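Please work through each task before consulting its solution.

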Amino acid sequence: MAEHVFHLQTTWPGGRNSDGYIEAQNLRTKISIPPEMDGPGIGTNPDEMLLGAAATCYIITLAAMIERAKLPLDKMQMQSEGIVDVTAGVFTYKKLIHRPTVSLLQHATKADYKQLEKLIYKAEEACMISKALRGNVEIELQPSIQ
């Protein structure tokens with residue numbers, strides 16, 4: 001068994017509407033509450049970071065699966081959306097929507113496209129962040145295969 005440990009240092013100088021700073025090995029940025037939640041909107045925020053973690057995990061997992069399957073990948077891109085519900089003053093991260101667009105090279109076969117479609121959904125099931133969120137946040141895929 002192998003374990004990977006990641007470290008993050010957070011600095012927060014004051015109350016709710018302050019702005020802080022986070023630093024990890026490859027991440028250094030200001031943080032605060034977003035303006036949509038009546039915060040100052042300085043730097044990033046937990047909602048964007050959760051969306052970013054889920055999106056990057058998914059797209060990297062999908063890329064690895066496509067590579068292992070030796071599919072003739074042309075390009076990939078993705079738009080993601082996070083939906084936060086506010087009911088009676090309680091904020092709940094309700095849903096993530098990933099809209100991957102994947103295209104294969106011209107010489108791709110029908111079998112390649114069929115395999116790609118399976119992998120698009122399998123990647124969401126295999127992604128470590130998706131697994132961590134499962135049962136708490138709905139994750140929806142709206143793929144476009146070109």
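**Exercise 1: Thr101**

Thr101 touches Lys75, Met76, Gln77, Ser144 and Gln146, residues up to four places away in sequence not being counted; contact means heavy atoms within 4.5 Å. The model is predicted: local features need pLDDT of at least 70, side-chain atom pairs count only at pLDDT 80 or more, and totals for chains, interfaces and linings use all residues. Residues are numbered from 1 along each chain as its sequence is written, and side-chain values use heavy atoms, with hydrogens and water left out.

Task: State in which strand Thr101 lies, and decide whether Thr101 counts as buried or exposed.

Solution. Step 1: Thr101 belongs to strand 5 (residues 90-104); strands are DSSP runs of E with at least two residues, numbered from the N terminus. Step 2: Buried means under 20% relative accessible area, exposed over 50%, and partly exposed in between (1.4 Å probe, protein chains only). Step 3: Thr101 counts as buried because its relative accessibility is 19%.

**Exercise 2: The second largest pocket**

Task: Determine which elements give two or more residues to the lining of the second largest pocket, and how the lining divides by class.

Solution. Step 1: Among the residues that line this pocket are Pro34, Asp47, Leu51, Val84 and Tyr93. Step 2: Helix 1 and strand 4 (73-87) each give two or more residues to the lining. Step 3: The lining has seven nonpolar, two polar and three charged residues; Ala, Val, Leu, Ile, Met, Phe, Trp, Tyr, Cys and Pro count as nonpolar, Asp, Glu, Lys and Arg as charged, and the others, Gly among them, as polar.

Methods: 1 Å grid on protein atoms, 1.4 Å probe; cavity = no way out; pocket = protein on both sides within 12 Å on 5 of 7 lines; lining within 4 Å. Helix = DSSP H or I, 4+ residues; strand = E, 2+ residues; numbered from the N terminus.
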